[in-house]
Amino acid sequence: MLVLYLSPEYLIGMGVWLAALGLFLMLLLRARGRSHQAPRRLMLVNAGLSLAMLLGVMTAGELAFACFADFSDTFSVSNVSKRWLAVHVDGEKNENGFRDRNELTTFVPGGKKRIIFLGDSFTAGHGIRRMEDRFTDLIAARFEREQPGQFVVANMALPAYDALSVAKLAKAELLQRHYEMAAWVYVYNLNDVDTFDPHTAESLRAIQSSEPTFFLFRDTYLLNWLYFRLVAFRNSGAQSYYENLRRSYESEPWQRVQGLLANVHRQCVDQGVDFRMVIFPFVSAVGESYPFREAHARIVEFCKAEKIPVLDLEPVFRTHAGEDLVVSRFDAHPNERAHAIAAQAIEDQLLDDFFQPTQSQKHPRK
């Protein structure tokens, strides 16, 4: 229940406010009954009752948001979105700290083949309520349908992970501890370059540093959400962030990421680890005028030069540009439909060597 995630301070404050509002309304009703012979006093009491009704409606809206609002936003700045992450990501982490129901052991029991996906919020399923609807879980489900008991798919992704985070995780966990795996797939998001670009980092800080100081906007749910909607409407930080991000692939930040990925790939080759990559586009912007197409081309070119098997999902999503592919108008992360499209493409174009052909594929009809 979402109520369980309300802080004691919020519950105490709301209790005090409801008691005060109820007392205020009771006093006004008593005063109204004594004011019929005093028109001016009655007018003031009626004005007070109107104010009490307005406060009551706002309080009801706040309580509805506090108890039932369960959705995310793109940058997870609102209290509603922060709670969404607490419930659906932090609350669903396994013993290894990732949003996955299976424990990540060094060796795979039962002789199964394991495929590990690493990435950020796109891979973790930001905005996706059911883990079963993420592309990693859809891929796992198909493996289980077609090759029962032979494969296990692990999701080692967290929101805010970038290229540096993934490289550190790979070295500390997958490579040094020698995890048994059939393949390791890094799902690369275009903002994974952020760590190495001070311009995008500054734009992101401008978005995330809009935290209100006034308690009514800081410690509530409805008013806090409305506050950030106003900030998003008036702030050009998001636009500058994406423009700076696009430019980062034309300069040093992308060069530094290339060096990082090349080093990770060499370590994988040395240890016999099958390393592959997926490039996930910003699905909210896909289409003929997609502004990051050149960045995708640079990443693909690098992977081919390094002999890293790579799947660029941008051409795949371009054919679905007219569909609803994002979580909501306030959250640009890929929704369930986008995850299903990604799963199908990854199965058919990157992991096809792991899927056994069906009988119809072995013996096509003439």
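Predicted model: local features only at pLDDT ≥ 70, side-chain atom pairs only at ≥ 80, totals over all residues.
Entry 1: I started with the open sheet of five strands, which runs in the order 2-1-3-4-5 with parallel pairing. For pairing I need at least two DSSP bridges between two strands. Strands (E, at least two residues) and helices (H or I, at least four) are DSSP runs, numbered from the N terminus. Strand 2 and strand 5 (310–312) are the edges, each pairing on one side only. On average, neighbouring strands are turned by 15° against each other, direction ignored.

Residues are numbered from 1 along each chain as its sequence is written, and side-chain values use heavy atoms, with hydrogens and water left out.

**Entry 2: strand 5.** I looked up its link to strand 4 (residues 275–280): parallel, over three bridges. Met277 has Val310 of strand 5 as its bridge partner. Helix 14 (residues 336–349) packs on the sheet, touching strand 1, strand 4 and strand 5. The direction of helix 14 makes about 145° with that of strand 5. Such angles run from 0 to 180 degrees between N-to-C directions, using lines fitted to C-alpha atoms, for helices over the stretch in contact.

**Entry 3: helix 6.** Where is the kink in helix 6 centred? I found it at Leu169, about 25°, in a helix covering residues 163–175. The bend is the angle between axes fitted to the seven residues ending at a residue and the seven starting there. Leu169 is also among the buried residues of this helix, which include Ala163, Val166 and Leu174. Buried is under 20% relative accessible area, exposed over 50%, partly exposed in between (1.4 Å probe, protein chains only). The buried residues of helix 6 pack against strand 1 (113–119), strand 2 (151–157), strand 3 (183–189) and helix 11 (252–270). Contact here means heavy atoms within 4.5 Å.

**Entry 4: cores.** I then checked the largest nonpolar core: 77 residues, with Phe117, Trp184 and Phe317 having the most contacts inside it. Apart from it lies another core of ten residues, among them Tyr10 and Val80. A core is a set of buried Ala, Val, Leu, Ile, Met, Phe, Trp, Tyr and Cys residues joined through side-chain atoms within 4.5 Å.

**Entry 5: Ser76.** Buried or exposed, I wondered about Ser76? Ser76 counts as buried because its relative accessibility is 15%. Ser76 sits in the loop between helix 2 (39–68) and helix 3 (79–88).
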